[in-house]
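Open the model in your viewer and keep the sequence panel beside it. The stops below are given in the order in which to select them.

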Amino acid sequence: MYQSLRRLRGSSFDFRRSSQHRQRSAEVEGAERTSLPAATERVFQGTMTTGAEPRGRRPGVGVGVVVTSCKHPHCVLLGKRKGSLGAGSFQFPGGHLEFGESWEECAKRETLEETALHLKNVRFASVVNSFIEKENYHYVTILMKGEVDLTYDSEPKNVEPEKNESWEWIPWEEFPPGQQLFWALHCLKEQGYDPFREELDHLMDFCSHTHCTQ
């Protein structure tokens, strides 16, 4: 034990910082007597206010899904948004990436929740960085592509009518113009993405086409 202490004394180990760490740990361990959020808030406030500025806002992370079906060749599933944000613009199924969730899991879950469709062969399609200052909107959206699993119902249902007007199969060549698309989808079209090609050529000029502002 004495040899261990001598090694510590000869190192850069800071006993005062270690004491502070034990004190902060004790605050968290005493959460049963107060509340865990309150205890951890005190600990992190003590950590962050010494030589560090409070964290600013962070962009959101979402997943959009390019849904195709062999029953509707060269078409993708498109809806029209309802609500205050982007109302009237066209969108893919999708939503927030949940904590601990993979992109594939999120794509399958959101598509099922919004359209009642089951997907198979889900894979990466693209990623866009949409920043709309006037709307206070900044999202990084991962685009995934999936095919309708025909062992289940093959036609979409509008499961969330308060958020979406309807779902329609739209030929890619007849896609609405950019000003009618929700922001992430608008960015995707600007990249030159083609859902019926497996190549990722649209990402070759990645830096200039993933950051989309309006």
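Select asparagine 164, which lies in strand β7 (strands are DSSP runs of E, at least two residues, and helices are runs of H or I, at least four, numbered from the N terminus). The model is predicted, so local features need pLDDT of at least 70 and side-chain atom pairs count only at pLDDT 80 or more, while totals for chains, interfaces and linings use all residues. Residues are numbered from 1 along each chain as its sequence is written, and side-chain values use heavy atoms, with hydrogens and water left out.

Is asparagine 164 buried or exposed? Asparagine 164 is buried because its relative accessibility is 3% (buried is under 20% relative accessible area, exposed over 50%, partly exposed in between, with a 1.4 Å probe and protein chains only). Next, show the backbone nitrogen of lysine 80: the side chain of asparagine 164 reaches that atom at 3.0 Å. Beyond four places in sequence, the contacts of asparagine 164 include Gly79, Gln91 and Asn158 (contact means heavy atoms within 4.5 Å).

Now select the whole open sheet, three strands in the order β3-β2-β7 with antiparallel pairing. Strand β2 (residues 75-81) pairs with β7 over six bridges (pairing takes at least two DSSP bridges). Valine 76 stands opposite isoleucine 170 of β7.

Finally, go to leucine 112 in helix α4 (residues 103-115). Leucine 112 is partly exposed, at 37% relative accessible area. Outside four places in sequence, leucine 112 touches Leu117 and His118. Glycine 94 is 18 residues from leucine 112 in sequence and 9.7 Å away, C-alpha to C-alpha.

Definitions and conventions:
Polar contact = N/O pair within 3.5 Å; in protein donor to acceptor, adjacent residues only side chain to side chain.
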